[in-house]
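Thank you all for coming. I would like to walk through one model this morning, taking the two chains in turn and ending with the place where they meet.

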Amino acid sequence: MAHSGVAGTADTNGQVDSDDERGRADGTRSSTDGGSASSGSGGGGVGPALVSRALRGVARQVQSRIPRADLDERDPDFIRERLPLMWLAASLWYRGEVRGLGNIPDDGPVLMVGNHSGGNMTPDTVVFTLAFNTYFGVERSFYQLAHNLVLSMPGLGSLRRFGTVAASPANARKALQAGAALLVYPGGDYEVHRPFWERNRIDFDGRKGFIRLALQENVPIVPVVSIGGHETALFLTRGEGLARLLALDRVFRLKVLPVSLAVPWGLNVGDMLGHIPLPAKITIETLPPIDLKAEFGPEPDVDEIYDHLIRLMQDTLDALAEERRLPVIG
Amino acid sequence: MRATAATTISAPIETVWAVVSDPEQALSFMSGVTRWEIESDEPVGLGARYRMLLRVGSAEVGGLIEIVEWDPPQELAWTSITGVDQRGRWRLRSVAPGRTKAEIRLAAGVAGSGIAGWVAERIAQPIVGGHLRNTVTQLTRLVENEQMREQAAARRAARSAHAG
């Protein structure tokens, strides 16, 4: 299934809370981060110094591969030509059902905030991307934020033609200022690799950058809640300790090294090559737009909005879970 | 992908035309249609534009369409402006006094979508065909019921006029 259309399904672990934004929030952290790579391991001898140099080299390679957000790379004709393939995957494999797309304002910028499931194959993204593109037409600008690593992977360049841009506040702002609809998964790599038994839990890991963005740009937030994506493999652990041990967080901005049982690998560590997702039924509910300033006042409290949004999305997810009789089958 | 469905309705052609050409009624009899909104200044006639969506599998497919043939009470055809390429047509013919043959046709596809497009069209064809069959059934029911109500109302009016 390694053709470009399914590449469209492959991972859009979008997250707005980028390192530079966090750096701003807690002072000098981002500027000292680079140094800690060498000083932290510099306690002994040549070996660790070499390792840290090698790590920095890889980090530079990855950084240089991350494409700048060029919104112009989105190609409506390319997307249109791939709609049938996405339709086959969404309709036959995932038996996708997307409700409430009419809640999305017909035009103008909008920030769609979703919960993220299914490891690196992110099946809910293909179902939603198809639904959005057929509902509003490929003519409407629609961008998705994705993890840096996804966009710098060789072979996944076609994602950019789908409108996928590297997750950063600057890129997100650019898309919204251009009047586009923007899909973001604040939970990102943290949420998408949560263990199977937390599959019906919204977990953004406290990331609130997207709320500040919506406030600054004065755009409505549309919550998009999906279920079923996390039943496409048996996700066991995020492997955060493992990721720290291997310095993946410093090099790739990856805080996780997930372990799962997945087809065809059996035990699947890292999920870097992807896997064949089980044909779980995916249901997506789009909720009415939230005008933050109208609902939370002219000087809204970001934490209050965050808590409200999580509660709202969790209630919706609980209701969707109630409808489900069996995992995978739906 | 091309799908078609036809039926004969016990009603004059003008009555059937009044329903199929009325954008306000589309949602009440067109099966699978989730949206049919007027997007032009003129609600009906040549050049009228609608935003329509049809549920096919897991997606609602459609876009902006424009009426490109308007020949009352016989022919009504549209073509897509945005969204997936499509052409649709209502073809009405009077087969006997008070009897009308109504046929709906829909052709849709994505040029350049390759093998996946070919497969998807084959799978979508029976789904769309089912929608069209339901559409003509519901149209028949709508028109004939409406006609029965009108005839009953006329009889009542005649009776009360006679009694008066």
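Predicted model: local features only at pLDDT ≥ 70, side-chain atom pairs only at ≥ 80, totals over all residues.

Residues are numbered from 1 along each chain as its sequence is written, and chains are lettered from A and ligands numbered from 1 in the order in which they are written. The model scores ipTM 0.90 and pTM 0.85.

Let me begin with chain A, which has 15 helices and ten strands, where helices (H or I, at least four residues) and strands (E, at least two) are DSSP runs, numbered from the N terminus. Seven of its strands form an open sheet of mixed pairing, in the order β1-β10-β6-β2-β5-β3-β4, and two strands are said to pair if DSSP finds at least two bridges between them. Because β1 (97-99) and β4 (164-166) of chain A stand at the edges with a single partner strand each, one side of each is left without a neighbour in the sheet. The twist in this sheet averages 25° from one strand to the next. Within the sheet, β3 (142-146) and β5 (181-184) of chain A pair in the parallel sense over three bridges, and Gln144(A) stands opposite Leu183(A) in β5(A).

Which helices lie across these strands? Helix α9 (169-177) of chain A lies across β2 (110-114), β3, β4 and β5 of chain A, at about 150° to β5(A), whereas helix α11 (209-217) of chain A lies across β2, β5 and β6 (221-227) of chain A, at about 165° to β2(A).

Chain A also holds an open sheet of three strands, antiparallel and in the order β7-β8-β9, with β7 (234-237) and β9 (266-269) of chain A as its edge strands. Here β7(A) and β8 (259-262) of chain A pair over three bridges, and Phe235(A) stands opposite Ser260(A) in β8(A).

Turning to packing, a residue is buried if 20 or more other C-beta atoms lie within 10 Å of its own, exposed if 12 or fewer, and partly exposed in between, with C-beta atoms placed from the backbone. By that count, 46% of the 330 residues of chain A are buried. A nonpolar core is a set of buried Ala, Val, Leu, Ile, Met, Phe, Trp, Tyr and Cys residues joined through C-beta atoms within 7 Å; the largest has 109 residues, of which Leu111(A), Val127(A) and Leu182(A) touch the most other members. Helix α5 (76-93) of chain A gives the most to this core, with nine residues.

Chain B, with an average pLDDT of 95 (the predictor's confidence in each residue, from 0 to 100), has three helices and seven strands. Of its 164 residues, 30% count as buried.

Finally, how many residues of chain B are in contact with chain A? There are 17, and they are in contact with 22 residues of chain A, contact meaning that C-beta atoms, placed from the backbone, lie within 7 Å. The elements giving two or more residues to this side of chain B are β4 (59-71) and α3 (114-163) of chain B.

Methods:
Contact = placed C-beta atoms within 7 Å. Axes fitted to C-alpha atoms, helices over the stretch in contact; angles between N-to-C directions.
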